[in-house]
Amino acid sequence: MPRLENSLQLFAKGYGWLPDKRRALGRRTVPTRLGGLPAYGIEGPEAARFLYDEDHVVRSHAIPEPVRGTLFGKGAVHTLDGEKHRVRKAMFVALLMREDGIASLVQRMTAAWDDAVEEWARRPQIVLFEESANVIAGAVARWAGVPVTDGEVPALARDLQAMVDGFATGGPRHVRARRARGRREAWLGRLVRDVRSGTISVEPGSAVEVVAQHREVDGEQLDSHVAAVELLNIIRPTTAISWFVAFSAHALIRWPENRKRLADGDAAFAEAFAHEVRRFYPFAPFIGGRAPRAVEWDGERIPENAMVLLDLYGQNHDADLWGDPYAFRPERFLGREIGAFELVPQGAGDPRADHRCPGEQITVAVLSALAVRLACLQVDVPEQDLSISLRRIPARPRSGVVLQVRGSAA
Ligand code: HEM
């Protein structure tokens, strides 16, 4: 039976698109169409295992241009397979998954946050979504070896947020995202060329130095444009943690009973809170690739080149996995091992080998530390629209979370 093009439905329904289809069909696997191609929405740990096997799903030529032109960048690690992916991924793993590196990034973030709080307290009110992005963007850029002055940080933060905000829409947000990407790729491409020519020296071992000197499978350096794309693939998603900071504030306003335990410095609870924020709130809707040949999943024959989409939002709200999935309960993560294919806000599988996000430990560490600081803030919350539309991808509290900061109890 011919299936109608569903891109419009995706834009209209947002995060509910695949879950609604599953409910309507009474099946875990739903055939649909996306971007002119047949597509299969899949969900659950076994489905995730299926998708992360390169025999079933590959990434090259699978990610639509509007997503590459805004969110990931062209030539990014997200779009590679096999040996090319393995070699490029090793660069990210070496840069992002070292304990001492993560600790020094968290230290920079919390110091920048503490400085910012003093300034926030002098203003009538702040928009947390924007201010937390300023804190994070400045800290991660410097940690990565990208030279920025304090005065340049807010514009950088706005550009990095714009790239994330505009990937799933055709309107003005999309135009802003493309312009922001163009500007920042040109800027970082120049930096990479200056580092290579010795005009600028950066800290040895910093992301800028490692990416500038990285060699691909064929022994060649990255094209300076692709090097800029990959540097952005470190500082952009880190700045996207500002979405989770805004969601954390939303959670603390709606369920204030979590505040004391966080503020008291219960580290295990802070980590559980970070996991629950990443599970509960909508961010990346799904990930996808294409079938390199005809494959079978859940009784469906998936033709060669069809898209396969793992419904991340749906899986994070699957009642079989989480029980009561629409209750915000950080305790569910206390004393619980998380399987590699269960909690999927940042993908599934092995982050060192598969496409799973190599920045997940950074995200959890930064978010836990900032959630504790957020819980310590002495604030008034003025009347505002804190609603989160599931039709908007990426979702966010509508007001950006306006706070009147009086100080911090930290
Ligand atoms: C990949 C989400 C933070 C760097 C991914 C993927 C998702 C994701 C869904 C795709 C996984 C897949 O295709 O299988 C997020 C979210 C974040 C976040 C929601 C928090 C806001 C970070 C951070 C970094 C980072 C902090 C770097 C410091 C990357 C890179 C990839 C990736 C380089 C591509 C990996 C590959 O293709 O092998 N992320 N991420 N992300 N993420 Fe993140």
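**Ground rules**

I am working from a predicted model, where local features need pLDDT of at least 70, side-chain atom pairs count only at pLDDT 80 or more, and totals for chains, interfaces and linings use all residues. Residues are numbered from 1 along each chain as its sequence is written, and side-chain values use heavy atoms, with hydrogens and water left out.

For my own reference, helices (H or I, at least four residues) and strands (E, at least two) are DSSP runs, numbered from the N terminus, and two strands pair if DSSP finds at least two bridges between them.

**Entry: strand S7 and its partners**

Next I looked at S7 (residues 307–311), which runs parallel to S2 (residues 37–42) and is joined to that strand by four bridges. Ala39 stands opposite Met307, and Ile42 stands opposite Leu310. With S4, the S7 pairing is antiparallel, over five bridges; Gly288 has Leu309 as its bridge partner there.

How many residues of S7 are buried? I get five of five, where buried means under 20% relative accessible area, exposed over 50%, and partly exposed in between (1.4 Å probe, protein chains only). In a regular strand the side chains alternate between the two faces of the sheet. Here Met307, Leu309 and Asp311 are on one side, Val308 and Leu310 are on the other, and all are buried.

**Entry: helix H2**

I then turned to H2 (residues 17–25), where the buried residues are Trp17, Leu18, Pro19, Lys21 and Arg22. After H2 comes Gly26, with a positive phi near 65°.

**Entry: His174**

I looked up His174 in helix H9 (residues 172–197). His174 counts as buried because its relative accessibility is 10%. Which backbone oxygens lie by polar atoms of its side chain? I found that of Gly166 at 2.7 Å and that of Thr169 at 3.1 Å. A polar contact is a pair of N or O atoms within 3.5 Å; within protein, one must be able to donate a hydrogen and the other to accept it, and residues adjacent in sequence count only if both atoms are side-chain atoms. Leaving aside neighbours within four places in sequence, His174 also has Pro66, Thr70 and Phe167 among its contacts.

**Entry: the iron and the cysteines**

What is the only protein donor of the iron atom of the ligand? I find Cys357 (SG), at 2.3 Å. Donors are N, O and S atoms within 2.8 Å of the metal (3.2 Å for Na, K and Ca); water is not among the atoms, so sites may look incomplete. Cys357 sits in the loop between H16 (319–322) and H17 (360–376), and counts as partly exposed because its relative accessibility is 24%. Cys376 is buried, at 9%. My search of the whole structure for disulfides (cysteine sulfur pairs within 2.5 Å) turned up zero.

Technical notes: Contact means heavy atoms within 4.5 Å.
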